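Student: I would like to go through this model with you. Where shall we begin?

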Amino acid sequence: MQEFFDEGELVAVLTTQPLDRTLDYRAPEGGCVPGAFVQVPLGPRQVLGVVWGPGKGDFDLSKIRPVSRVLNVAPMRTELRDFLEKAGTYTLTPLPAMLRLATRAPGLGDPPGMRTVYRAGDGEPSRMTDARTRVMDALAEHGGAALTMKEICDAAGTSSSVVKGLVKSGAVVEESAPRDLPFPRLDTGLSGKDLTPDQSAAAGTLAQAVKSGTYGTTLLRGVTGSGKTEVYLEAVAACLSAGRQALVLLPEIALTQEFLSRVEARFGARPAEWHHGVTMTERRRIWKMVGQGGAELVVGARSALFLPFRDLGLIVVDEEHDSSYKQEEGVLYNARDMAVLRASINGAQVVLASATPSLESWSNAEAGKYRRLDLESRFGPSRLPQMRAIDMRAEKLESNRWISPTLRAEVMKRIEAGEQALLFLNRRGYAPVTLCRACGEKIGCEHCDAAMVEHRFLKRLVCHQCGESRPMPEICPHCEAEGRLAPVGPGVERLTEEAQEVFPDARIATLSSDLFGSARALKERIEAIAAGAADLVIGTQLVAKGHNFPLLTLVGVIDADLGLQGADLRAAERTFQLMRQVSGRAGRADRPGTALLQTHQPEHPVIRAILTGQEETFWQTEADTRRALGMPPYGRLAGLILSSTDAQEPMQIGTTLARNDAALRAIGAQVFGPAPAPIPRVRGRHRVRLLVKAPKGAPVQDAIARWLAPLTLPRDFRLSVDIDPQSFL
Ligand code: ADP
Ligand code: ZN
């Protein structure tokens, strides 16, 4: 490949604009390298782009304009360009959209801004107060590095006036420093915990793999609390020692302070943190530093996968089975699968960690494509919870009550013993349905074919599809009857109401994503609960992930059957994972835990597998079923959603597509549908689905591209292709 373009040479530039090709420009004064980030004129605007290769020369040469300027950031490395191309081909996403994923930080071209920072000076303050001592300690702790005012105040728990007083006396010096500073170096020389023989063997294998500098994927399976995190932090240490960068992906929801503190305890400094709550300035800093090697470890949500790492040697995907790794909007990609792709291009290792792996990863390990490491027991004295079913057919329960007498008695015991209990119900809000007792109509969303969910705390009805909300009405919107609206079914808020009656003296905390204004408020609440601020926690799947509640000894699942309804391909797998995950919250410290599952079908194979914990048997059975049906991971699926504000068009176009399926048949694939989507209308758009099913190994993307090529879409019509769909809604 050409290594430099001289001034005036034609270069092809990929921009972030929705065009399906690169555009030719002339290399600017001083020339440029392939991969250079540039600003180019496009019509009247200046847009961001990357020099993708030599120009194609298929455009009127006299009209070709020069690149406006080359940005002062590390050029995109060949590996990342390769990754974007392959990921784009895999997900059938045009390259500009892939480039947008890789440039999700604002102001990349701006000159580095300055900010005021503080460090310890030589002066002596006239008088030392407690607060002043804490400030000086905070500065000393950071080894002479300069801190911002906010960082000092947070660390020392003081106000800015204390710091300013110290500046006057010269004990603290104020200076101006570039904003985009490197992250503090991580110290791999600090020792980690003393690992158990099991853990140590696993950590050794991973470290060895990382040192090899080649690609490989390992499934690290171990029950919650078995020390997977401790083990993969050793792989991170090996990677950093080898001078390469590491990325730890966590489901957004599990990005807790607790985790960051553990990294800090292991390496003496915090990693770069990348998720939706990070400020734009910080994003830009991370993006730049990752490219220059000024950030060794990034802990982030799925989109961190598209950061421009200088030399990525390890990607950990924690809770690899988590469905939130699949991005369901915009570019439909699965971060777990893309992590494997990126690592294979970079000569990096992947660690997929989970207590309940996805069937995909389990079967890849079975097939020998992934290495598999198992941690069999929990660390230390903590034991896995005992699991039992509560047969709801045998329980006496009044209507509109969900806590069975058996569960109630068990919760009482824990509360009296000063322990915590958790009631799990994976439903936000007060009641999933509001019904009028006069006319029998449900209150639905105006824009979606979905019931509005009552959120009593907000005194509103909310559509969980489009987010639309309105005040709780007094009269029925259909028949105008007054005072006849009734909630049907439970949500966590309603369960809380019941719990308050049943356990009047208990301190009850409800954890649901919608009850907290900010991620910070939620984090604080979780920390308080972990420290013992509640006797009974009532939560949605928010509590199932990543949080440690040491006092928690009982988990009661209100409706274990909930996820088994519906025809989702992964209903069994998801229920198994979620139930095991939630149950794993009980008994993490030195107290044994119990998990009780309320169910109407205790003999259901999935419920039995959950209770007995025979995971291998469960996976084997699940694998056999899927294999027999040619379903993933033993066959390929692609979903198509056609949508339009027009009620007829999606079905018409879907029918045309289904009839002209020669390109699919050529690879042995079948097309099912068109059928109205399970939620036929969302945000005012009518939705129709098609499903393509192909043999494993068949070139599905290619066939789909050929199948769709002749199609011209009417105005306001959208077609999205979901390769390896997770959601069928
Ligand atoms: P997992 O990631 O599998 O859920 P963790 O790595 O979070 O497990 O370990 C569970 C708890 O046990 C953590 O508090 C962790 O610090 C502790 N732990 C695990 N292994 C060790 C060890 N070898 N020495 C000391 N503490 C450990
Ligand atoms: Zn809606």
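Student: Is Cys463 buried or exposed?

Tutor: First, the ground rules: this is a predicted model, where local features need pLDDT of at least 70, side-chain atom pairs count only at pLDDT 80 or more, and totals for chains, interfaces and linings use all residues. Residues are numbered from 1 along each chain as its sequence is written, chains are lettered from A and ligands numbered from 1 in the order in which they are written, and side-chain values use heavy atoms, without hydrogens and water. Buried means under 20% relative accessible area, exposed over 50%, and partly exposed in between (1.4 Å probe, protein chains only). Cys463 has 1% relative accessibility, so Cys463 is buried.

Student: Which arrangement do the four donor atoms make around the zinc ion (ligand 2)?

Tutor: Cys445, Cys448, Cys463 and Cys466 coordinate the zinc ion (ligand 2) through SG at 2.3 to 2.4 Å. Donors here are N, O and S atoms within 2.8 Å of the metal (3.2 Å for Na, K and Ca). Four donors count as tetrahedral if all angles lie between 85 and 135 degrees. The angles are 106 to 114°, so the arrangement is tetrahedral.

Student: What spacing do the donors of the zinc ion (ligand 2) follow along the chain?

Tutor: The donors are Cys445, Cys448, Cys463 and Cys466. Their spacing is C-x2-C-x14-C-x2-C.

Student: In β13, which residue is the bridge partner of Arg221?

Tutor: Strands are DSSP runs of E, at least two residues, numbered from the N terminus. Two strands pair if DSSP finds at least two bridges between them. β8 (residues 216-222) and β13 pair in the parallel sense over six bridges. The partner of Arg221 is Ser354.

Notes:
Helices (H or I, at least four residues) and strands (E, at least two) are DSSP runs, numbered from the N terminus. Four donors count as tetrahedral if all angles lie between 85 and 135 degrees; four count as square planar and six as octahedral if opposite donors are over 155 degrees apart and all others between 65 and 115; anything else is irregular.
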